[in-house]
Amino acid sequence: MFTSTEIFTVRLSEDGQAVEIIDQTLLPNEVKFLRLETAETLYEAIFGLRVRGAPAIGIAVAFGMYVLAQQIPDNGGFYAELLRLGNYLISSRPTAVNLSHAVKRMLSAAAECGKEAALPRLYEECNAIYNEDRAICRAIAENGLTLVKDGDGILTHCNAGALAASEYGTGLGSLLLGKERGYDFHVYTDETRPLLQGARLTAFELFRAGIDVTLICDSAASMLMRAGRINACFVGCDRVAANGDAANKIGTRSVAVNAKYHGVPFYVFCPSSTIDFDCGSGADIVIEERASEEITEKFFAERIAPEGVKCFNPAFDVTDAELITAIVTERGICRYPYTKSLAEMFGRN
């Protein structure tokens, strides 16, 4: 797992002047750490998926707000500038609700304060966001482990491990915790087109943890379900609507549809910060669309599609609540109908 000083996902530098991340765009071939000191480099790192995963993005932007706050001149316009910077960072990945939640928490910590009073509050708040995520990921892992047994075959899509959060992660947390406790899972990892987070990140992470992992093409998942080799599907998510619709990496809905047909449980793992009660359904979730080059040439030695061909490259899709067997959070496990179970668990009645 990525919990040592050798390998980490995101942290505040020792001098407090930068956000330090592992550049996930280079994995698995190169482990390189970046030091982000400006709003522009932080924006680019989030937009460019150098740091990714809803919880990790939230942590990065929280640390980033503290770093940037130190650079704002103390001339009476401190909060207004911090607000501008927060809105700028939110625009980098609009689907991940943890990003906006982290910005709002940091802004709230600095509200009605001048720079001198705000800085210690911001420092405390960004570290609280990080430490809360560590505790949340552990609790999610514990809850998820109750849903499977030793020897199960698990299908994953995208990456929802320690690289996407602080420790353990969400969708992979139960697998990593289970490994520590002697569980012997066989994990099938979708490559997850077009950015291959499953191949580059999940396979890398699970292999390093000593878990029996097999990389598959996205289109092979249904075949494995039919053969009875998948006992459960574990995925993370970037936003859950109040009705239980969940946005995750493109292709997740296809996994859920196949799982429903084959009678395989489909579990979504998320911290409470990913649940957006102001979002009524998946129809209200803004789906980020990305450059066509990610389909036509990224990760290939040569272009694989005709020059000028039209492309459609959404980063996410929305899995209907009816397709989700359970939503696993740090507070417990919710089941359909989620308008009731989520509201009850989080006091939204």
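At roughly what angle do the axes of H5 and helix H6 (residues 173–180) cross? Keep that in mind while you set up the view. The model is predicted.

**Stop 1: H5 and H6**

Select H5 and helix H6, residues 173–180. Their axes cross at roughly 75° and come within 8 Å. Angles of 65 to 115 degrees count as roughly perpendicular, so H5 is roughly perpendicular to H6. Now show the side chains where the two helices meet. From H5, pick Arg138, Ile140, Ala141, Glu142, Gly144 and Leu145. They meet Gly173, Ser174, Leu177 and Gly178 in H6.

**Stop 2: H2 and H4**

Two packed helices are described by the angle between their axes and the distance between the axes. Apply that to the next pair. Select helix H2 (residues 54–71) and helix H4 (residues 97–110). These axes also come within 8 Å, but the crossing angle is roughly 30°. The cut-off for roughly parallel is under 35 degrees, so H2 is roughly parallel to H4. Is the crossing of H2 and H4 left-handed or right-handed? Turn the view and check: the crossing is right-handed.

Next, colour the contact residues. On the H2 side, take Ala54, Pro55, Ile57, Gly58, Val61, Ala62, Met65 and Tyr66. On the H4 side, take Asn98, Leu99, Ala102, Val103, Met106 and Leu107.

**Stop 3: past the end of H4**

Move on to Glu112. This residue lies in the loop between H4 and helix H5 (115–145). Most residues other than glycine have a negative phi, and most peptide bonds are trans. Glu112 has a positive phi, near 60°. Relative accessibility is 87% here, so Glu112 counts as exposed.

Now jump to Thr192, in the loop between strand E5 (186–190) and helix H7 (197–208). Phi is positive here too, near 65°. Is Thr192 buried or exposed? Thr192 counts as buried, because its relative accessibility is 0%.

**Stop 4: aromatic rings**

How many aromatic pairs does the structure hold? There are ten. Begin with Tyr43 and Tyr88. Their ring centres are 4.7 Å apart and the planes lie at 20°, so this pair is stacked. The pair links distant parts of the chain, 45 residues apart. Tyr43 belongs to helix H1 (residues 39–47), and Tyr88 to helix H3 (residues 78–90). Tyr43 is partly exposed, at 22% relative accessible area. Tyr88 is partly exposed as well, at 29%.

Phe234 and Phe269 are both buried.

Ring pairs link Tyr43, Phe47 and Tyr88 into a cluster.

**Stop 5: charges over rings**

Stay on Phe47 and show Arg290. The charged end of Arg290 sits over the Phe47 ring, 5.1 Å from its centre. Then select Phe8 and Arg11. Arg11 lies over the face of Phe8, at 3.9 Å from the ring centre.

**Stop 6: the loop between E2 and E3**

Where is Asp23? Look in the loop between strand E2 (19–22) and strand E3 (33–36). Asp23 counts as buried, because its relative accessibility is 3%. Beyond its neighbours within four places in sequence, Asp23 is in contact with Lys32, Leu34 and Arg50.

Pro28 lies in this loop between E2 and E3 too. Click the peptide bond from Leu27 to Pro28: it is cis, with omega near 5°.

**Stop 7**

Which residues does the cis peptide bond with omega of about 0° join? Select Tyr336 and Pro337. Pro337 is in the loop between strand E14 (333–334) and helix H11 (338–345).

**Last stop: Ala305**

Finish in the loop between helix H10 (293–296) and strand E12 (316–319), the place of Ala305. At 22% relative accessible area, Ala305 is partly exposed.

Terms used. Residues are numbered from 1 along each chain as its sequence is written. This is a predicted model: local features need pLDDT of at least 70, side-chain atom pairs count only at pLDDT 80 or more; totals for chains, interfaces and linings use all residues. Side-chain values use heavy atoms; hydrogens and water are left out. Helices (H or I, at least four residues) and strands (E, at least two) are DSSP runs, numbered from the N terminus. Buried means under 20% relative accessible area, exposed over 50%, partly exposed in between (1.4 Å probe, protein chains only). Rings of Phe, Tyr and Trp (its six-membered ring) pair if their centres lie within 6.5 Å; planes under 30 degrees apart count as stacked, over 60 as edge-to-face and the rest as tilted. A charge sits over a ring if NZ of Lys or CZ of Arg is within 6 Å of the ring centre and within 35 degrees of the ring normal. Axes are lines fitted to C-alpha atoms, for helices over the stretch in contact, and angles run from 0 to 180 degrees between N-to-C directions. Angles under 35 degrees count as roughly parallel, over 145 as roughly antiparallel, 65 to 115 as roughly perpendicular and the rest as oblique. A crossing is left-handed if the near helix is turned anticlockwise from the far one by less than a right angle, and right-handed if clockwise. Contact means heavy atoms within 4.5 Å.
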